[in-house]
Amino acid sequence: MPSYQKVSSIKRISQPTTVHNFHVPKYESFVANGVVTHNCYVARRKGFANPITTFVNIDRIQQYLKRHSTKQGMKLEPNQVDPQYWVYEIGENSDCSVDAAVCDNVKDLIALFRTLPNAKATFATKRVNRELLNYDPQGKTRIRFSLMPQAKAQIVDIRTSPIADRIAAINDFVDAGYEVHVNFAPVIYDDHWLEDYSELFEQLDNVLSDRAKAQLQAEIIFLTHNDKLHEVNLGWHPQGEALLWRPDIQETKYSQTGGKNVRYRRGFKGTLIEGLTELLSDRLPYCKIRYAF
């Protein structure tokens, strides 16, 4: 059964950001407990069942977006988010490619942003849904395909589109009028991680068209994990946890909501970031790094 909720507000994010200017709360869904979407791992905010959630008030969401974007006026100065448009994240806790398989909400939002003179939509995805190629975004929607080496993806990125399929789709989505970036996320360390990423970068370089390369940008996001998710995952996928949960090289970090997270230790993580950004700059010199953390 779908779950319906009312949009409570659309608010400006107070802290500096390099990904988007605003996000659209309550338009979100993700599939978990075996289906990993965006950069999430198993249960997160909706309990362990984690159904796909769609909303019937898409018209009201669009009205809010129209009013909000009108209030912003035109973007007068380019920045790292976008040189021309205010960018709205429409899938912060969702995979819109999955949503689009069950309803027209994503299609309606892409159509809306096509008409807003000062705004662009963005979302990250791990699912290749070629139906989106028919949505005619006209450059007003940015898709970020999440990528990692296939050897790790087949362990922790289960029930998503294969990495090769995501890479193969990039040219088609660029030709269909999308801006297409890539997320190297989450980056998971092991003894052979740089060799694996070297192969991934080579795969990208071999597949991408000149047009896709010319507009390519990347986000690099190293793994952050959670103690509660760790306990859940141990019950159904301990093999994945052997990669994700590494107390020997991780430290505790508390989130703004009070959650206990783990991330690679400071100093060590800095070395990892330096190694991967240098490798990316060497292998894909045309790919601008939006940020790495």
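Asp136 lies in the loop between β3 and β4, where strands (E, at least two residues) and helices (H or I, at least four residues) are DSSP runs numbered from the N terminus. The phi angle of Asp136 is near 55°, a positive value in a residue other than glycine. The model is predicted, and local features need pLDDT of at least 70, side-chain atom pairs count only at pLDDT 80 or more, and totals for chains, interfaces and linings use all residues. Residues are numbered from 1 along each chain as its sequence is written, and side-chain values use heavy atoms, with hydrogens and water left out.

A further backbone feature is the peptide bond from Ala185 to Pro186, which is cis with omega near -15°. Pro186 belongs to strand β5 (residues 179–187).

Strands β3 (119–125) and β4 (141–147) each supply at least two residues to the lining of the second largest cavity.

Helices α5 (residues 163–175) and α6 (residues 193–207) pack at an angle of about 35°, and their axes are 9 Å apart. Axes are lines fitted to C-alpha atoms, for helices over the stretch in contact, and angles run from 0 to 180 degrees between N-to-C directions. The crossing of α5 past α6 is right-handed, that is, the near helix is turned clockwise from the far one by less than a right angle. In the contact (heavy atoms within 4.5 Å), α5 contributes Ile163, Ala164, Ile167, Ala168, Ile170 and Asn171, and α6 contributes Leu200, Gln203, Leu204 and Val207. Eight residues of this contact are nonpolar, two are polar and none is charged.

An open antiparallel sheet is formed by three strands in the order β7-β9-β8, two strands being paired if DSSP finds at least two bridges between them. The edge strands, β7 (224–226) and β8 (250–254), each pair on one side only. Neighbouring strands of the sheet are turned by 35° against each other on average, direction ignored. Helix α8 (residues 227–236) packs on the sheet and touches β7 and β9, its direction making about 70° with that of β7. Three bridges join β7 to β9, and Asn226 has Asn261 in β9 as its bridge partner. Five bridges join β8 to β9 (residues 260–264). In β9, Asn261 also stands opposite Lys253, while Val262 stands opposite Thr252.

Methods:
Ala, Val, Leu, Ile, Met, Phe, Trp, Tyr, Cys and Pro count as nonpolar, Asp, Glu, Lys and Arg as charged, and the others, Gly among them, as polar.
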